Amino acid sequence: MVTQRRDAAIVGIYEYPKRKAPGVTPLQIKAECAARALEDAGLSWKDVDGLYDAQDGAGMAGLSLAEYFGFKPNVIDTTAVGGSSYEFHAAHAKRDIAAGRCRVALLTYGSTAHSDARRIGTMPGMGGGAPSPLANMTDPYGMTLIANYAMVARRHMHQYGTTSEQLARIAVATRAHAMRNPQAVQAMTDLEFQDIREITVDDVLNSRMIADPLHLLDCCMVSDGGGAVVIAAPEVARDCRKKPVWIIGAGEATSYSENGSDITISAAAQSGPRAWAEADVRPDEIDVAMIYDSFTITVLVMLEDLGFCKKGEGGAFVSEQRLRFDSPLKPALNTDGGGLSSNHPGMRGIFLLIEATRQLRGESTSQVPGARLAVAHGNGGMLATSHTGGTIVLAGD
Amino acid sequence: MPDRPQPRFPEPDTQPFWEATKEHRLLYQVDRDTGDVVFFPRRHNPKNGSSNLEWRESKGLGTVYTFSVVRLNRHPVFAGLGPYAVAYVDLDEGFRMLTNIVNVADPTKDIFIGQRVKLTWLDQSTGISIPVFEPA
(Lines give C-alpha, C1' and ligand atoms only; values in the text may rest on other atoms or scores of the structure.)
Protein backbone atom coordinates (compact mmCIF):
# COMPACT_ATOMS: atom_id res chain seq x y z
CA MET A 1 0.00 0.00 0.00
CA VAL A 2 1.45 3.28 -1.12
CA THR A 3 0.76 6.26 1.07
CA GLN A 4 -0.88 8.96 -1.00
CA ARG A 5 1.01 12.19 -0.68
CA ARG A 6 -0.46 15.66 -0.79
CA ASP A 7 2.60 17.75 -1.52
CA ALA A 8 1.06 20.32 -3.85
CA ALA A 9 -2.34 21.53 -4.96
CA ILE A 10 -3.88 23.46 -7.80
CA VAL A 11 -5.24 26.58 -6.11
CA GLY A 12 -5.93 28.92 -9.02
CA ILE A 13 -7.15 28.51 -12.60
CA TYR A 14 -8.21 30.72 -15.47
CA GLU A 15 -9.16 29.99 -19.04
CA TYR A 16 -8.91 32.79 -21.58
CA PRO A 17 -12.49 33.21 -22.77
CA LYS A 18 -11.85 34.27 -26.36
CA ARG A 19 -11.04 31.75 -29.10
CA LYS A 20 -10.55 34.50 -31.65
CA ALA A 21 -8.35 37.26 -30.33
CA PRO A 22 -6.91 39.39 -33.15
CA GLY A 23 -4.47 42.08 -32.08
CA VAL A 24 -3.51 40.30 -28.86
CA THR A 25 -0.17 38.53 -28.40
CA PRO A 26 0.48 35.17 -26.74
CA LEU A 27 2.48 37.00 -24.04
CA GLN A 28 -0.48 39.26 -23.29
CA ILE A 29 -2.79 36.25 -23.07
CA LYS A 30 -0.35 34.58 -20.68
CA ALA A 31 -0.12 37.67 -18.49
CA GLU A 32 -3.88 38.19 -18.33
CA CYS A 33 -4.44 34.53 -17.47
CA ALA A 34 -1.72 34.67 -14.81
CA ALA A 35 -3.32 37.68 -13.13
CA ARG A 36 -6.78 36.10 -13.16
CA ALA A 37 -5.60 32.69 -11.93
CA LEU A 38 -3.76 34.32 -9.03
CA GLU A 39 -6.89 36.30 -8.25
CA ASP A 40 -8.88 33.04 -8.34
CA ALA A 41 -6.45 31.63 -5.75
CA GLY A 42 -6.51 34.75 -3.61
CA LEU A 43 -2.78 35.18 -4.14
CA SER A 44 -0.86 38.15 -5.45
CA TRP A 45 1.53 38.68 -8.35
CA LYS A 46 4.51 38.86 -5.99
CA ASP A 47 3.77 35.46 -4.41
CA VAL A 48 4.99 33.58 -7.51
CA ASP A 49 8.41 32.00 -7.05
CA GLY A 50 8.24 29.19 -9.63
CA LEU A 51 7.80 29.81 -13.36
CA TYR A 52 6.87 27.07 -15.84
CA ASP A 53 6.78 27.88 -19.52
CA ALA A 54 6.49 25.78 -22.69
CA GLN A 55 8.17 28.45 -24.83
CA ASP A 56 4.89 29.58 -26.37
CA GLY A 57 5.33 33.31 -25.80
CA ALA A 58 8.84 34.34 -26.80
CA GLY A 59 12.34 33.00 -27.36
CA MET A 60 14.72 32.47 -24.40
CA ALA A 61 11.58 31.29 -22.68
CA GLY A 62 12.45 31.37 -18.98
CA LEU A 63 14.30 34.64 -19.31
CA SER A 64 11.96 36.58 -21.56
CA LEU A 65 8.83 35.46 -19.75
CA ALA A 66 10.26 36.25 -16.32
CA GLU A 67 11.24 39.70 -17.50
CA TYR A 68 7.90 40.38 -19.21
CA PHE A 69 5.96 39.29 -16.15
CA GLY A 70 8.43 41.00 -13.81
CA PHE A 71 9.35 37.89 -11.79
CA LYS A 72 12.65 36.77 -10.31
CA PRO A 73 11.67 33.15 -9.65
CA ASN A 74 13.61 30.57 -7.65
CA VAL A 75 12.64 27.84 -10.13
CA ILE A 76 12.43 28.13 -13.91
CA ASP A 77 11.29 25.16 -16.00
CA THR A 78 10.93 25.52 -19.77
CA THR A 79 10.10 21.94 -20.67
CA ALA A 80 8.54 22.08 -24.14
CA VAL A 81 7.12 18.75 -25.24
CA GLY A 82 4.12 19.96 -27.23
CA GLY A 83 0.57 19.73 -25.95
CA SER A 84 1.47 17.69 -22.89
CA SER A 85 3.95 20.31 -21.64
CA TYR A 86 1.49 21.49 -18.97
CA GLU A 87 1.11 18.03 -17.48
CA PHE A 88 4.90 17.83 -17.37
CA HIS A 89 4.96 21.26 -15.73
CA ALA A 90 2.41 20.18 -13.11
CA ALA A 91 4.54 17.12 -12.36
CA HIS A 92 7.65 19.27 -12.06
CA ALA A 93 5.90 21.89 -9.93
CA LYS A 94 4.76 19.17 -7.53
CA ARG A 95 8.32 17.85 -7.36
CA ASP A 96 9.86 21.29 -6.90
CA ILE A 97 7.34 22.30 -4.22
CA ALA A 98 7.81 18.99 -2.37
CA ALA A 99 11.57 19.61 -2.41
CA GLY A 100 11.05 23.07 -0.91
CA ARG A 101 12.45 24.88 -3.94
CA CYS A 102 9.38 27.04 -4.46
CA ARG A 103 5.96 27.58 -2.86
CA VAL A 104 3.79 29.11 -5.59
CA ALA A 105 4.22 27.78 -9.13
CA LEU A 106 2.70 29.51 -12.14
CA LEU A 107 1.93 27.72 -15.43
CA THR A 108 0.75 29.83 -18.37
CA TYR A 109 -0.20 29.29 -21.98
CA GLY A 110 -1.09 31.68 -24.76
CA SER A 111 -1.57 31.17 -28.47
CA THR A 112 -2.95 33.05 -31.45
CA ALA A 113 -2.94 30.05 -33.78
CA HIS A 114 -6.29 30.95 -35.30
CA SER A 115 -5.56 34.64 -35.89
CA ASP A 116 -2.19 33.71 -37.36
CA ALA A 117 -4.07 31.42 -39.80
CA ARG A 118 -1.72 28.56 -39.06
CA ARG A 119 -2.63 25.47 -41.07
CA ILE A 120 -1.73 23.20 -38.21
CA GLY A 121 -3.30 20.00 -39.44
CA THR A 122 -3.09 20.24 -43.19
CA MET A 123 0.41 21.44 -44.01
CA PRO A 124 3.30 19.03 -44.37
CA GLY A 125 6.85 19.87 -43.34
CA MET A 126 7.86 23.04 -45.11
CA GLY A 127 11.58 22.79 -44.58
CA GLY A 128 11.81 25.55 -41.98
CA GLY A 129 14.53 25.68 -39.36
CA ALA A 130 17.85 23.85 -39.44
CA PRO A 131 18.15 20.60 -41.43
CA SER A 132 17.37 17.56 -39.28
CA PRO A 133 17.50 13.80 -39.89
CA LEU A 134 13.82 13.22 -39.18
CA ALA A 135 12.65 16.16 -41.31
CA ASN A 136 14.88 14.99 -44.15
CA MET A 137 13.26 11.55 -44.06
CA THR A 138 9.68 12.84 -43.89
CA ASP A 139 9.38 16.23 -45.67
CA PRO A 140 9.27 14.77 -49.20
CA TYR A 141 6.19 12.64 -48.50
CA GLY A 142 3.45 15.16 -47.80
CA MET A 143 2.56 13.74 -44.42
CA THR A 144 0.10 16.05 -42.69
CA LEU A 145 -0.51 16.09 -38.96
CA ILE A 146 -4.00 14.70 -39.50
CA ALA A 147 -2.69 11.88 -41.70
CA ASN A 148 -0.25 11.02 -38.94
CA TYR A 149 -3.08 10.35 -36.49
CA ALA A 150 -5.12 8.74 -39.24
CA MET A 151 -2.40 6.12 -39.69
CA VAL A 152 -2.85 5.17 -36.04
CA ALA A 153 -6.61 4.97 -36.52
CA ARG A 154 -6.22 2.76 -39.60
CA ARG A 155 -3.89 0.40 -37.79
CA HIS A 156 -6.16 0.28 -34.73
CA MET A 157 -9.09 -0.63 -36.96
CA HIS A 158 -6.99 -3.33 -38.62
CA GLN A 159 -5.79 -4.89 -35.38
CA TYR A 160 -8.93 -4.64 -33.29
CA GLY A 161 -11.89 -4.14 -35.60
CA THR A 162 -12.47 -0.62 -34.30
CA THR A 163 -14.97 1.30 -36.46
CA SER A 164 -15.44 4.91 -37.56
CA GLU A 165 -18.79 4.79 -35.78
CA GLN A 166 -17.09 4.01 -32.47
CA LEU A 167 -14.59 6.85 -32.95
CA ALA A 168 -17.49 9.18 -33.75
CA ARG A 169 -19.07 8.55 -30.35
CA ILE A 170 -16.20 10.44 -28.75
CA ALA A 171 -16.95 13.53 -30.86
CA VAL A 172 -20.67 13.18 -30.09
CA ALA A 173 -20.12 13.07 -26.30
CA THR A 174 -17.74 16.02 -26.23
CA ARG A 175 -20.02 18.12 -28.45
CA ALA A 176 -22.88 17.46 -26.05
CA HIS A 177 -20.68 18.82 -23.27
CA ALA A 178 -19.64 21.80 -25.40
CA MET A 179 -23.29 22.77 -25.95
CA ARG A 180 -23.64 23.14 -22.17
CA ASN A 181 -20.53 25.34 -21.92
CA PRO A 182 -21.25 28.97 -22.94
CA GLN A 183 -17.57 29.61 -23.70
CA ALA A 184 -17.50 26.64 -26.06
CA VAL A 185 -20.69 27.75 -27.80
CA GLN A 186 -19.21 31.24 -28.19
CA ALA A 187 -16.01 29.65 -29.52
CA MET A 188 -17.89 27.70 -32.19
CA THR A 189 -19.79 30.88 -33.09
CA ASP A 190 -16.64 32.99 -33.32
CA LEU A 191 -14.84 30.33 -35.34
CA GLU A 192 -17.83 30.17 -37.71
CA PHE A 193 -18.80 26.54 -37.29
CA GLN A 194 -21.47 25.89 -39.90
CA ASP A 195 -24.02 24.27 -37.65
CA ILE A 196 -23.78 24.75 -33.89
CA ARG A 197 -25.76 22.01 -32.16
CA GLU A 198 -25.39 18.59 -30.67
CA ILE A 199 -24.17 16.14 -33.29
CA THR A 200 -24.88 12.49 -34.04
CA VAL A 201 -22.68 9.62 -35.11
CA ASP A 202 -24.07 10.05 -38.64
CA ASP A 203 -23.08 13.72 -38.64
CA VAL A 204 -19.49 12.70 -37.97
CA LEU A 205 -19.52 9.92 -40.59
CA ASN A 206 -21.12 12.21 -43.17
CA SER A 207 -18.66 15.06 -42.61
CA ARG A 208 -16.01 15.17 -45.31
CA MET A 209 -13.01 12.89 -45.15
CA ILE A 210 -9.80 14.82 -44.43
CA ALA A 211 -7.33 11.94 -44.22
CA ASP A 212 -8.79 8.43 -44.26
CA PRO A 213 -10.22 7.26 -41.93
CA LEU A 214 -10.55 10.62 -40.11
CA HIS A 215 -13.45 12.91 -41.00
CA LEU A 216 -13.69 16.63 -40.36
CA LEU A 217 -15.65 16.04 -37.14
CA ASP A 218 -12.99 13.60 -35.90
CA CYS A 219 -10.60 16.57 -35.83
CA CYS A 220 -10.17 19.37 -33.30
CA MET A 221 -10.70 23.01 -34.10
CA VAL A 222 -7.90 25.56 -34.49
CA SER A 223 -8.48 28.47 -32.13
CA ASP A 224 -6.70 31.21 -30.25
CA GLY A 225 -6.66 30.88 -26.51
CA GLY A 226 -4.73 30.32 -23.35
CA GLY A 227 -4.89 29.73 -19.66
CA ALA A 228 -3.06 29.68 -16.37
CA VAL A 229 -2.77 27.32 -13.41
CA VAL A 230 -1.37 28.17 -9.98
CA ILE A 231 0.06 25.29 -7.95
CA ALA A 232 0.96 25.84 -4.30
CA ALA A 233 2.49 24.17 -1.27
CA PRO A 234 0.06 22.78 1.35
CA GLU A 235 0.66 25.63 3.82
CA VAL A 236 -0.17 28.17 1.11
CA ALA A 237 -3.09 26.15 -0.26
CA ARG A 238 -4.82 26.07 3.12
CA ASP A 239 -5.26 29.86 3.05
CA CYS A 240 -6.33 30.18 -0.57
CA ARG A 241 -9.73 31.42 -1.68
CA LYS A 242 -10.89 28.11 -3.20
CA LYS A 243 -10.63 24.51 -2.04
CA PRO A 244 -7.30 22.98 -3.05
CA VAL A 245 -7.23 20.29 -5.72
CA TRP A 246 -4.36 17.96 -4.86
CA ILE A 247 -1.89 16.57 -7.37
CA ILE A 248 -1.59 13.00 -6.10
CA GLY A 249 0.15 11.28 -8.99
CA ALA A 250 2.21 12.12 -12.06
CA GLY A 251 3.81 10.26 -14.92
CA GLU A 252 5.83 11.37 -17.93
CA ALA A 253 6.83 9.36 -20.98
CA THR A 254 8.07 9.51 -24.56
CA SER A 255 7.25 7.26 -27.48
CA TYR A 256 8.06 7.12 -31.19
CA SER A 257 7.82 4.84 -34.16
CA GLU A 258 10.53 2.19 -34.21
CA ASN A 259 11.29 -0.69 -36.49
CA GLY A 260 8.61 -3.27 -35.76
CA SER A 261 6.81 -1.21 -33.10
CA ASP A 262 3.05 -1.16 -32.52
CA ILE A 263 1.94 2.43 -33.19
CA THR A 264 -1.46 1.85 -31.58
CA ILE A 265 0.32 1.94 -28.20
CA SER A 266 0.96 5.48 -26.97
CA ALA A 267 3.23 6.99 -24.33
CA ALA A 268 0.22 6.82 -21.97
CA ALA A 269 1.01 3.13 -21.54
CA GLN A 270 4.14 4.23 -19.66
CA SER A 271 3.05 7.47 -18.01
CA GLY A 272 -0.32 6.11 -16.87
CA PRO A 273 0.87 3.24 -14.65
CA ARG A 274 3.48 5.53 -13.04
CA ALA A 275 0.81 8.09 -12.20
CA TRP A 276 -1.67 5.52 -10.89
CA ALA A 277 0.99 3.91 -8.70
CA GLU A 278 2.06 7.22 -7.20
CA ALA A 279 -1.56 8.23 -6.58
CA ASP A 280 -2.47 4.78 -5.27
CA VAL A 281 -5.72 4.79 -7.23
CA ARG A 282 -7.10 2.61 -10.00
CA PRO A 283 -8.54 3.87 -13.30
CA ASP A 284 -11.98 2.52 -12.40
CA GLU A 285 -12.09 4.92 -9.43
CA ILE A 286 -11.72 7.99 -11.69
CA ASP A 287 -14.82 10.17 -12.04
CA VAL A 288 -13.61 12.52 -14.77
CA ALA A 289 -11.07 11.85 -17.53
CA MET A 290 -9.69 14.90 -19.28
CA ILE A 291 -7.89 13.36 -22.23
CA TYR A 292 -6.17 15.23 -25.01
CA ASP A 293 -8.63 15.18 -27.91
CA SER A 294 -6.71 16.47 -30.87
CA PHE A 295 -8.58 13.73 -32.72
CA THR A 296 -11.08 11.06 -31.73
CA ILE A 297 -8.44 8.35 -32.16
CA THR A 298 -6.17 10.12 -29.66
CA VAL A 299 -8.78 9.66 -26.96
CA LEU A 300 -9.56 6.04 -27.84
CA VAL A 301 -5.91 4.98 -27.71
CA MET A 302 -5.30 6.84 -24.45
CA LEU A 303 -8.37 5.44 -22.69
CA GLU A 304 -6.94 2.00 -23.41
CA ASP A 305 -3.35 2.83 -22.52
CA LEU A 306 -4.38 4.51 -19.25
CA GLY A 307 -6.14 1.27 -18.31
CA PHE A 308 -9.79 2.34 -18.46
CA CYS A 309 -10.30 -0.74 -20.64
CA LYS A 310 -8.11 -3.43 -22.14
CA LYS A 311 -5.94 -2.72 -25.18
CA GLY A 312 -8.06 -3.01 -28.30
CA GLU A 313 -11.36 -2.74 -26.44
CA GLY A 314 -11.65 1.04 -26.61
CA GLY A 315 -14.17 0.90 -29.43
CA ALA A 316 -16.60 -1.14 -27.37
CA PHE A 317 -15.84 0.89 -24.25
CA VAL A 318 -16.86 4.23 -25.77
CA SER A 319 -20.00 2.74 -27.29
CA GLU A 320 -21.81 2.65 -23.98
CA GLN A 321 -22.70 6.31 -23.57
CA ARG A 322 -20.44 6.26 -20.59
CA LEU A 323 -18.52 9.33 -21.63
CA ARG A 324 -21.33 11.78 -20.82
CA PHE A 325 -21.21 13.80 -17.60
CA ASP A 326 -24.61 12.46 -16.53
CA SER A 327 -23.83 8.80 -17.17
CA PRO A 328 -23.83 6.52 -14.13
CA LEU A 329 -20.77 4.85 -15.65
CA LYS A 330 -17.28 6.26 -15.15
CA PRO A 331 -15.41 8.20 -16.37
CA ALA A 332 -17.00 11.31 -17.87
CA LEU A 333 -14.86 12.59 -20.73
CA ASN A 334 -13.77 16.14 -21.57
CA THR A 335 -16.66 17.85 -19.85
CA ASP A 336 -15.67 21.32 -21.14
CA GLY A 337 -16.21 20.26 -24.76
CA GLY A 338 -12.56 19.47 -25.36
CA GLY A 339 -10.36 20.33 -28.29
CA LEU A 340 -12.94 18.90 -30.64
CA SER A 341 -15.58 21.49 -29.66
CA SER A 342 -14.30 24.10 -27.18
CA ASN A 343 -10.74 25.18 -27.92
CA HIS A 344 -7.49 23.94 -29.42
CA PRO A 345 -4.88 26.65 -29.88
CA GLY A 346 -2.17 24.11 -30.70
CA MET A 347 -1.22 22.80 -27.25
CA ARG A 348 -4.26 22.19 -25.08
CA GLY A 349 -2.73 20.41 -22.11
CA ILE A 350 -3.38 23.30 -19.71
CA PHE A 351 -7.15 23.12 -20.32
CA LEU A 352 -7.15 19.51 -19.14
CA LEU A 353 -5.82 20.65 -15.76
CA ILE A 354 -8.25 23.59 -15.66
CA GLU A 355 -11.42 21.60 -16.36
CA ALA A 356 -10.35 18.73 -14.06
CA THR A 357 -9.94 21.34 -11.32
CA ARG A 358 -13.35 22.84 -12.05
CA GLN A 359 -14.89 19.37 -11.73
CA LEU A 360 -13.24 18.68 -8.38
CA ARG A 361 -14.39 22.10 -7.14
CA GLY A 362 -17.94 21.51 -8.40
CA GLU A 363 -17.71 24.38 -10.91
CA SER A 364 -18.10 22.65 -14.30
CA THR A 365 -20.94 23.47 -16.70
CA SER A 366 -21.28 19.68 -17.08
CA GLN A 367 -20.70 18.85 -13.46
CA VAL A 368 -20.30 15.19 -12.52
CA PRO A 369 -22.18 14.84 -9.23
CA GLY A 370 -19.77 14.32 -6.34
CA ALA A 371 -16.65 14.12 -8.51
CA ARG A 372 -13.69 13.25 -6.26
CA LEU A 373 -10.96 11.97 -8.56
CA ALA A 374 -9.90 13.15 -12.01
CA VAL A 375 -7.11 12.47 -14.46
CA ALA A 376 -5.61 14.89 -16.95
CA HIS A 377 -3.65 13.18 -19.70
CA GLY A 378 -1.84 15.28 -22.26
CA ASN A 379 -0.38 14.26 -25.58
CA GLY A 380 2.42 16.21 -27.21
CA GLY A 381 3.85 15.84 -30.69
CA MET A 382 2.38 13.42 -33.19
CA LEU A 383 0.93 10.06 -32.29
CA ALA A 384 2.21 7.96 -35.19
CA THR A 385 5.73 9.35 -35.22
CA SER A 386 7.03 10.88 -32.02
CA HIS A 387 5.10 12.02 -29.01
CA THR A 388 5.01 12.50 -25.26
CA GLY A 389 2.45 11.57 -22.65
CA GLY A 390 1.89 13.38 -19.37
CA THR A 391 -0.54 11.97 -16.80
CA ILE A 392 -1.67 13.91 -13.74
CA VAL A 393 -4.03 12.41 -11.15
CA LEU A 394 -6.02 14.95 -9.14
CA ALA A 395 -8.07 14.62 -5.97
CA GLY A 396 -10.56 16.93 -4.31
CA ASP A 397 -9.81 18.16 -0.81
CA MET B 1 5.86 17.60 -61.99
CA PRO B 2 7.34 20.23 -59.65
CA ASP B 3 9.75 19.06 -56.97
CA ARG B 4 8.54 17.82 -53.60
CA PRO B 5 9.88 19.55 -50.46
CA GLN B 6 13.51 18.42 -50.51
CA PRO B 7 15.81 17.06 -47.82
CA ARG B 8 18.22 19.78 -46.82
CA PHE B 9 21.96 19.68 -46.30
CA PRO B 10 24.45 19.77 -44.72
CA GLU B 11 22.92 17.04 -42.59
CA PRO B 12 25.53 14.31 -42.11
CA ASP B 13 23.20 11.59 -40.76
CA THR B 14 20.97 11.37 -43.83
CA GLN B 15 23.27 12.70 -46.57
CA PRO B 16 24.63 9.25 -47.60
CA PHE B 17 21.05 7.93 -47.84
CA TRP B 18 20.01 10.71 -50.20
CA GLU B 19 23.26 10.58 -52.21
CA ALA B 20 22.53 6.91 -52.94
CA THR B 21 19.06 7.74 -54.22
CA LYS B 22 20.74 9.46 -57.16
CA GLU B 23 21.62 5.90 -58.30
CA HIS B 24 18.24 4.49 -57.25
CA ARG B 25 19.74 2.63 -54.31
CA LEU B 26 17.78 2.42 -51.00
CA LEU B 27 20.22 2.28 -48.07
CA TYR B 28 19.84 1.38 -44.42
CA GLN B 29 22.28 0.86 -41.58
CA VAL B 30 23.21 -2.25 -39.61
CA ASP B 31 25.19 -2.54 -36.37
CA ARG B 32 28.25 -4.63 -37.28
CA ASP B 33 28.40 -6.15 -33.80
CA THR B 34 24.77 -6.88 -32.97
CA GLY B 35 23.08 -6.97 -36.37
CA ASP B 36 20.51 -4.39 -35.22
CA VAL B 37 18.87 -2.58 -38.12
CA VAL B 38 18.99 1.23 -37.77
CA PHE B 39 16.53 3.55 -39.51
CA PHE B 40 16.17 6.56 -39.90
CA PRO B 41 19.91 6.98 -40.56
CA ARG B 42 22.00 8.33 -37.71
CA ARG B 43 25.46 8.23 -36.12
CA HIS B 44 24.70 5.40 -33.70
CA ASN B 45 22.58 2.38 -32.94
CA PRO B 46 19.76 3.72 -30.74
CA LYS B 47 19.71 0.44 -28.82
CA ASN B 48 23.27 0.68 -27.50
CA GLY B 49 24.90 3.94 -28.63
CA SER B 50 27.48 2.15 -30.77
CA SER B 51 28.65 3.92 -33.90
CA ASN B 52 30.06 0.74 -35.44
CA LEU B 53 27.51 0.83 -38.26
CA GLU B 54 27.64 -0.09 -41.92
CA TRP B 55 25.41 0.85 -44.85
CA ARG B 56 23.59 -1.87 -46.77
CA GLU B 57 21.33 -1.77 -49.79
CA SER B 58 17.72 -2.89 -49.48
CA LYS B 59 16.07 -5.12 -52.06
CA GLY B 60 13.13 -2.71 -51.91
CA LEU B 61 10.41 -5.21 -51.03
CA GLY B 62 8.10 -4.69 -48.09
CA THR B 63 4.65 -4.75 -46.54
CA VAL B 64 2.24 -1.90 -45.80
CA TYR B 65 2.09 -1.46 -41.99
CA THR B 66 -0.49 1.34 -42.08
CA PHE B 67 -1.53 4.20 -44.36
CA SER B 68 -3.81 7.17 -44.80
CA VAL B 69 -5.17 8.83 -47.92
CA VAL B 70 -4.68 12.57 -47.63
CA ARG B 71 -7.60 14.57 -49.06
CA LEU B 72 -6.62 18.02 -47.78
CA ASN B 73 -3.13 19.44 -48.03
CA ARG B 74 -2.56 23.14 -48.49
CA HIS B 75 1.00 22.79 -49.77
CA PRO B 76 0.86 23.63 -53.51
CA VAL B 77 2.75 20.52 -54.70
CA PHE B 78 0.61 18.10 -52.70
CA ALA B 79 -2.63 20.01 -53.26
CA GLY B 80 -2.18 19.29 -56.96
CA LEU B 81 -1.83 15.54 -56.52
CA GLY B 82 -5.43 14.77 -55.64
CA PRO B 83 -5.94 12.14 -52.92
CA TYR B 84 -2.59 10.46 -52.25
CA ALA B 85 -1.46 7.80 -49.83
CA VAL B 86 1.13 8.20 -47.10
CA ALA B 87 2.19 4.98 -45.45
CA TYR B 88 4.58 3.22 -43.18
CA VAL B 89 6.16 0.32 -45.06
CA ASP B 90 8.04 -2.44 -43.23
CA LEU B 91 10.93 -3.47 -45.46
CA ASP B 92 11.89 -7.13 -45.54
CA GLU B 93 15.32 -6.26 -44.09
CA GLY B 94 13.61 -5.06 -40.86
CA PHE B 95 13.28 -1.32 -41.12
CA ARG B 96 10.16 0.81 -41.25
CA MET B 97 10.00 3.93 -43.40
CA LEU B 98 7.51 6.67 -44.04
CA THR B 99 6.73 6.79 -47.75
CA ASN B 100 4.01 7.10 -50.37
CA ILE B 101 2.14 4.32 -52.14
CA VAL B 102 1.80 5.24 -55.82
CA ASN B 103 0.63 3.75 -59.12
CA VAL B 104 -2.77 2.59 -57.91
CA ALA B 105 -5.99 3.52 -59.70
CA ASP B 106 -7.81 4.60 -56.52
CA PRO B 107 -5.77 4.98 -53.33
CA THR B 108 -8.92 4.80 -51.22
CA LYS B 109 -9.69 1.30 -52.53
CA ASP B 110 -6.52 -0.28 -53.87
CA ILE B 111 -4.26 -0.10 -50.80
CA PHE B 112 -4.54 -2.29 -47.70
CA ILE B 113 -2.58 -3.12 -44.58
CA GLY B 114 -0.47 -6.22 -45.22
CA GLN B 115 -0.18 -5.46 -48.93
CA ARG B 116 3.12 -6.43 -50.55
CA VAL B 117 4.82 -3.48 -52.19
CA LYS B 118 7.98 -2.79 -54.15
CA LEU B 119 10.27 0.19 -54.51
CA THR B 120 9.99 2.78 -57.23
CA TRP B 121 11.45 6.26 -57.60
CA LEU B 122 10.37 9.86 -58.10
CA ASP B 123 13.28 11.69 -59.74
CA GLN B 124 13.69 15.32 -58.71
CA SER B 125 15.32 18.19 -60.58
CA THR B 126 17.84 18.45 -57.72
CA GLY B 127 19.35 15.09 -58.72
CA ILE B 128 18.05 13.16 -55.74
CA SER B 129 15.24 10.66 -56.14
CA ILE B 130 12.48 10.00 -53.64
CA PRO B 131 11.89 6.33 -52.79
CA VAL B 132 8.19 5.41 -52.91
CA PHE B 133 6.34 2.11 -53.28
CA GLU B 134 3.81 0.48 -55.58
CA PRO B 135 1.91 -2.82 -55.35
CA ALA B 136 4.34 -5.71 -55.88
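Hi everyone, let me start inside chain A: Trp276(A) is buried, and Phe308(A) is buried too. These two form an edge-to-face aromatic pair, with 6.0 Å from centre to centre and 90° between the planes. Trp276(A) belongs to helix H10 (residues 268-279) of chain A, while Phe308(A) sits in the loop between helix H11 (296-305) and helix H12 (314-317), so the pair ties together parts that are 32 residues apart in sequence.

Before I go on, please keep in mind that this is a predicted model. It scores ipTM 0.97 and pTM 0.97. For chain B, the average pLDDT is 96, and 99% of the residues score at least 70.

Now, back to Phe308(A). Together with Ile297(A), Phe308(A) has the most contacts inside the largest nonpolar core, which has 117 residues. Chain B takes part as well: domain 1 (10-57) and domain 2 (59-135) of chain B each give at least three residues to this core. And what does Ile297(A) touch, leaving out residues up to four places away in sequence? Its partners are Tyr149(A), Val152(A), Ala153(A), His156(A), Leu167(A) and Leu214(A). Apart from this core lies another, of 40 residues, and among them are Ala54(A), Ala90(A), Cys102(A) and Ala371(A).

Let's return to the rings. Over all chains, the structure holds 13 aromatic pairs. One of them joins Tyr109(A) and Phe351(A), edge-to-face, at 6.0 Å centre to centre and 65° between the planes. This pair links distant parts of the chain, 242 residues apart: Tyr109(A) is in strand E4 (residues 104-111) of chain A, and Phe351(A) is in helix H14 (residues 349-361) of chain A.

Chain B has a ring story of its own. Phe17(B), Trp18(B), Tyr28(B), Phe39(B) and Phe95(B) are linked by ring pairs into a cluster. Phe40(B) itself is in the loop between strand E2 (37-38) and strand E3 (53-57) of chain B. Over the ring of Phe40(B) sits the charged end of Arg42(B), 3.9 Å from the ring's centre. You can find another arginine over a ring at Tyr65(B), where Arg96(B) lies over the face at 3.6 Å from the ring centre.

While we're on cis bonds, the peptide bond from Phe9(B) to Pro10(B) is cis too, with omega near 10°. Pro10(B) lies in the segment before helix H1 (15-21) of chain B.

Last stop: two backbone angles. Which residue of chain A has a positive phi although it is not a glycine? That's Asn334(A), with phi about 40°. Asn334(A) is in the loop between strand E10 (332-333) and helix H13 (338-341) of chain A, and Asn334(A) is buried, with a relative accessible area of 0%. In chain B, His24(B) also has a positive phi, about 55°, without being a glycine. You'll find His24(B) in the loop between H1 and strand E1 (27-31) of chain B. His24(B) has 36% relative accessibility, so it counts as partly exposed.

Notes
Residues numbered from 1 in each chain as written. Chains lettered and ligands numbered in written order. Predicted model: local features only at pLDDT ≥ 70, side-chain atom pairs only at ≥ 80, totals over all residues. Heavy atoms only, no water. Core = buried A, V, L, I, M, F, W, Y, C linked by side-chain atoms within 4.5 Å. Buried < 20%, exposed > 50% of the residue type's maximum accessible area, 1.4 Å probe, protein only. Domains from an automatic or database assignment. Contact = heavy atoms within 4.5 Å. pLDDT = per-residue confidence, 0-100. Phe/Tyr/Trp six-rings, centres within 6.5 Å; stacked < 30°, edge-to-face > 60°. Helix = DSSP H or I, 4+ residues; strand = E, 2+ residues; numbered from the N terminus. Lys NZ or Arg CZ within 6 Å of the ring centre and 35° of its normal.
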